[in-house]
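Please consider the structure shown below. The paragraphs that follow take its parts in turn.

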Amino acid sequence: MACPSIIVVGAGPSGTRAAEALAKAGIRPILIDEGRRDGGQIYRRQPDNFTRSYEKLYGTEAGRAKALHDSFDALKGQIDYRPETLVWNIADGHVWTACGNAQEALRYDALILCTGATDRLMPVKGWNLAGTYSLGGSQVALKSQAVSIGHEVVFMGSGPLLYLVASQYVQAGAKVAAVLDTSPKGARIKALPDLLALPGMLWNGVQLTRALGKAGVPIHHGVTPVEIIGGADTGVNGVRFRTPSGQEKTIACDAVAVGYHLRPETQLADLARCEFAFDAGTHQWLPRRDQDGRASTAGVYLAGDGAKILGARSAEASGKLAALAALSDLGLPVDSGETTALRRDVANYARFARGLAKAFPWPADHAAALPDEAIICRCEAVSAGDIRSVMRETGAIEANRAKAFSRVGMGRCQGRYCGLAAAELIAAEARIPVEQVGRLRGQAPVKPLPIAIGEEK
Amino acid sequence: MSGRFVRLGETQRPPVTLHVDGQPVTALEGDTLMVAMLSSGGTLRQSEFGDGRRAGFCLMGACQDCWVWTEGGDRLRACSTLAAAGQRILTSQPEATWPAQA
Amino acid sequence: MSAASDIIIVGGGLMGSSAALFLRGHGLSVTLLETDLIGRQASGTNFGNVRRQGRALHQLPLANRAIAIWRKSRELLGADVEYLQSGHIRVCYRDRPELVGAMEDYAEKARLEGLDLELLTGNALRSKFPFFGADVLAGSYSAMDGHANPRLAAPAFARAAQRMGANIHENTRIVDAQKVGEDFLVTAQDGRTFRAPILLITAGAWGNALSSQFGEPVPIVPRGPNMSVTEPVPYAIHPAVGVMTPLEEETVYFRQVARGNIVLGGSTRGPSYPDAYRAFVLPQNTMSQLKQIRRLAPALGKLNIIRVWSGIEGYMPDSQPVMGPSATTSGLYYAFGFSGAGFQIGPGVGETMAEIIARGATDIPMEPYQISRFAE
């Protein structure tokens, strides 16, 4: 094929390494990214006129961040880079893009989706109050804008990000009121064998916990969130939780950062008609792919956290692997030794990721315990009680049906933050395994699209 | 002016003045609109469905909770829009007059 | 041993669900069979216009019958299907001034059928509806029309029918239907069988698959509606709005729901896949629709759409449904192929089919809908 058109979506770790591998093979890929700058989330770059050092921004990951950013900067001349551009739909071998109000449909022979992840949320009563942020969001505030999300911040949830962001806040001079970890202390010990797959990363976690203790930040383990309290107009003023022994405590704060590890952004894979399968380990529906990242749709490849949460380091390897798979499928020469080495890398990270899922489990059972007045869907203000009463009235037990009747997942974010919890709630109410509830059917545009799109000035 | 977000550094940047609900707000060049608004105020908008004010959530363009109106009737996603001189932002819905603006 | 009842209805959309309710009202036992879940296809994915204006004049008695039911739907169904009688206006553009005459002509004739329309142009149009773009010339306003929520309607009718004793089987795909002696024997994919002396086919785009089994094939074409919706914005636009034009790409419409979202529909349409029960909105059709919406109501150009969807509607070549008794088989009845205009008349169709089946006759003129018009 004379100069195939290869499109990479996402300029984070996996997209950058995919584009790099393609450029090395003599291809000039189109690299489309929604952000103003490359780097994705964990390696998000600060604005041009900010001055903080890599060490300050990325801590132990400073070296990797710099290497990634330098690679991208070197790449720019060899790729067709489209920042601030949204891919809003995929059809007939084209991606449909929007940059402001300008639209363009781009043809591809191979499409590599590196769409990354967002935080995974389990609602708690009051999480819709102003001052509640996702853990990832609280990190973006610090990393990319040098602000703290509040004067006194509580970090709550589970996952490696919890301790990392809390300690980054402390180091940056913010006031951290507490860290509330919902994962039981014992879970990490059970997960140890898998976590040891990447010993360096485990040590980072231990160091972080120590640093927080030294700074006098109270850390509570095995907690159950009860409520984020505050006023409808003024926002958050505290967090109430229950300790493992059943005692209720309240911590005063004006901001809460909450999250339970990550969930992949799979909407484009869905629009590309890729098949999905239920992943029992994480209670999520993930797009099927082979060991090199080939999706079920011909010509579509999936890499990085946008396909399965395996972390930033794995993302770099899987981005490269997917690019090599695309090149090979297009009949171009590929170093099979390199492919074998990358596959081994990715397999190691998969073990670590399994350990993470065990150490920081998704608190599926919290959904059933949510009081009726807890908001599940932030966009549409649909409560747990609304969903339960719709189920009683209509017998809906499937995700899209429950959405049609209760409006859960029908808002601007298309179920990114409520979908997983809503499925657990429906499963608990209907007494069926969460897999049977199914998954929300993806629809274009993957993010809000201006009606002015394509308008000639 | 006290707001929800607290600046922890990077304050040596040129100022940028915009208006929020008719009042001047001084931000710093490189701020997102969200940071500009929340460094001097507590919330971004009113939830459409009666559960109070909102102040954003994910800061990465995923949750769509930080859309604000301009006085001219345009829509801006605060976390992914740069604060810029001359912006005139509203933190409440423009009410029933909006379709008459074209 | 098959389950038996007085009537089997195949197709759980709005036609089948409303027929089930009204047949129960006549005291007949009903079994309603639906391939997927009630109201998921055309009935659940259409625009939601509850309008009499614009229909062929012979449909107005049916539409009048339907509007009476919509008005009492909350009582009748014990559920809110978000019916809003906030009017309907259809406009024409300056480049087709002859359509004003067509509007006047229709208004005159429609008045005789009890539909009062008001023609508006110039300042009168713009002061009442300031959102119209500069290209809009005139509008025909129907104060007593409105809209409702299609996702909720058919399921609400079905639940009401069920409370009255109708047997409803979802996830039941019918693969065979035959008349054996005095009864119809209907077989599901999983082998279950159902028996009744009367069979009503309300299977939408799949209607032909069943009518063919009785020697009455019809040239039905499946199309996917082109639908989008905006984020919620302050409620300001009361009537449902449409465009009168011969061009498909210009035929767009919108309505604002009480919660604030604006539903957009129309312009060029994409394919649908009845065998796979899926339909997709092609991105180029979204682009065409949004361009036309900007022309029709420029202020909407400042908003975002947050979702698109499609479904599977059945279209007949003359845009009129197949309704009434079979021409080949006694005890067999049809109500399908509503050609994208079935939502408003749906409850009226159900009531009328129930009447025909239970009483043997109806005052509603049924001649234009006879299946025999497609006979060789």
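Domain bounds, as used here, come from an automatic or database domain assignment. The model itself is predicted. With those bounds, chain C is given domain 1, which covers 3-48 + 150-217 + 319-374, and domain 2, which covers 88-143 + 226-310. Between the C-alpha centres of domain 1 of chain C and domain 2 of chain C there is a distance of 31 Å. Contact between the two domains involves six residues of domain 1 of chain C and nine residues of domain 2 of chain C. On the side of domain 1 of chain C that touches domain 2 of chain C, three residues are nonpolar, two are polar and one is charged.

Chain B may be considered next, beginning with its secondary structure. One helix and eight strands make up the secondary structure of chain B. Read from the N terminus, the order of these elements is β-β-β-α-β-β-β-β-β. Chain B has a radius of gyration of 13 Å, close to the 13 Å given by the globule rule for 102 residues, and it is therefore as compact as a globular protein of that length. Along the principal axes, the C-alpha atoms of chain B fill a box of roughly 40 × 25 × 25 Å. Buried residues account for 45% of the 102 residues of chain B, where a residue counts as buried if 20 or more other C-beta atoms lie within 10 Å of its own. Among the contacts in chain B with a separation of 6 or more, 46% join residues 24 or more positions apart.

How many residues of chain A are in contact with chain B? The contact involves 44 residues of chain A and 32 residues of chain B. On the side of chain A that touches chain B, two or more residues are given by each of strand S8 (117-119), strand S9 (132-134), helix H4 (135-145) and strand S10 (147-148) of chain A. Helix H4(A) provides the largest share of that side, with five residues. By class, the residues of the side of chain A that touches chain B comprise 19 nonpolar, 17 polar and eight charged.

Strand pairing also links these two chains. Strand S10(A), one of the elements that give two or more residues to the side of chain A that touches chain B, pairs in the antiparallel sense with strand S1 (residues 6-7) of chain B over two bridges. Within S1(B), Val6(B) is the bridge partner of Ser148(A).

Conventions. Residues are numbered from 1 along each chain as its sequence is written. Chains are lettered from A and ligands numbered from 1 in the order in which they are written. This is a predicted model: local features need pLDDT of at least 70, side-chain atom pairs count only at pLDDT 80 or more; totals for chains, interfaces and linings use all residues. Two residues are in contact if their C-beta atoms, placed from the backbone, lie within 7 Å. Helices (H or I, at least four residues) and strands (E, at least two) are DSSP runs, numbered from the N terminus. Ala, Val, Leu, Ile, Met, Phe, Trp, Tyr, Cys and Pro count as nonpolar, Asp, Glu, Lys and Arg as charged, and the others, Gly among them, as polar. Two strands pair if DSSP finds at least two bridges between them. The radius of gyration is taken over C-alpha atoms; the globule rule is 2.2 Å times the number of residues to the power 0.38. A residue is buried if 20 or more other C-beta atoms lie within 10 Å of its own, exposed if 12 or fewer, and partly exposed in between; C-beta atoms are placed from the backbone.
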